[in-house]
Every structure is written in C-alpha cells, then in structure tokens.
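Welcome, and take a moment to look over the model before reading on. The paragraphs below walk through it step by step.

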Amino acid sequence: MLQAVRQASDLAVMELELLAIEIERIRRMAGRVGSSFGGGLLCLCCGAFLLLVAAVKALAWLTGSEVAGALIVAAPFILAAGGLGWWGTAKIRSVGRP
C-alpha cells in the first residue's frame, strides 16, 4: 500500500511538472502571436496615417490650399464622429425609459 501511495505521489509530481512545461510553452506562443498582431497593427496604423497625409497633400496640390485638402480628407471623420456622438447621446437619454 505504501508503495502505491509513493508511486501516486511521484505521478502527481510529474504531472504537475508537465503542466508547468505546457503552460510555459503556451505563454511563449501567446506572446509571439500577440507581438505579431501588435506589429501588424502598428504597421497598419502607420500606413493608414501616411495614406491620409498623402491624400491631404494630393488634394492640397489639386485645390491649391492645404487647409481645403485637410478639410476634405477630415470631413468623413468629422461626420462619423458627429453621427456616433448623436447616436451615443440618444442611447444615453433612452436609458431608464420604457
């Protein structure tokens, strides 16, 4: 009986060691995946910003005014922000109403 208890204890210790190894492997893999997505997101944001700057410069060249180019490029974002703000305030005002 004592030998069976010792073997069970040894088996439990080995299982915990294997679990720790697997958790460490999963943590490293999740870190790699997260850093890959983070790097991709950073490149996407930088690319989108450069695209917007290029659009402003192109419209400034076409219209002859950098301010007009910036307003044309910013107009959809301003409209989206206004629409989302209006929608959000409508949702907040509707809280508690039947």
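Let us begin at the end of a helix: α1 is followed by G64, whose phi is positive, near 85°. Here helices (H or I, at least four residues) and strands (E, at least two) are DSSP runs, numbered from the N terminus. Keep in mind that this is a predicted model, in which local features need pLDDT of at least 70, side-chain atom pairs count only at pLDDT 80 or more, and totals for chains, interfaces and linings use all residues. Residues are numbered from 1 along each chain as its sequence is written, and side-chain values use heavy atoms, with hydrogens and water left out.

Now step back to the whole. The protein's secondary structure consists of two helices and zero strands. Its radius of gyration is 29 Å, well over the 13 Å that the globule rule gives for 98 residues, so the protein is more spread out than a compact globule. That radius is taken over C-alpha atoms, and the globule rule is 2.2 Å times the number of residues to the power 0.38. Along the principal axes, the C-alpha atoms fill a box of roughly 90 × 50 × 10 Å. Of the 98 residues, 4% count as buried, where buried means under 20% relative accessible area, exposed over 50%, and partly exposed in between (1.4 Å probe, protein chains only).

Next, follow helix α1, which covers residues 2–63. Its 62 residues reach 90 Å from the first C-alpha to the last, close to the 92 Å expected at 1.5 Å a residue. The expected span is 1.5 Å times one less than the number of residues in the helix. S9 sits in α1 and counts as partly exposed, at 40% relative accessibility. From S9 to L59 there are 50 residues in sequence and 74 Å in space, C-alpha to C-alpha.

What does a search for disulfides (pairs of cysteine sulfur atoms within 2.5 Å) find? Across the whole structure, the search finds zero. C45 is in no disulfide, and the nearest cysteine sulfur, that of C46, is 7.0 Å away. For C46, the closest cysteine sulfur is in C43, at 6.7 Å, too far for a bond. Both cysteines count as partly exposed, C45 at 46% relative accessibility and C46 at 41%.

Finally, turn to helix α2, residues 66–93. S65 caps the N-terminal end of α2, with a side-chain oxygen 3.4 Å from the backbone nitrogen of V67. Further along, a kink of about 45° lies at A74, shortly before the proline P76; the bend at a residue is the angle between axes fitted to the seven residues ending there and the seven starting there. The 28 residues of α2 reach 39 Å from first C-alpha to last, close to the 40 Å expected. W86 also lies in α2 and counts as exposed, at 62% relative accessibility. The C-alpha atoms of W86 and S65, 21 residues apart along the chain, are separated by 31 Å.

Notes
Polar contact = N/O pair within 3.5 Å; in protein donor to acceptor, adjacent residues only side chain to side chain. Disulfide = S-S within 2.5 Å.
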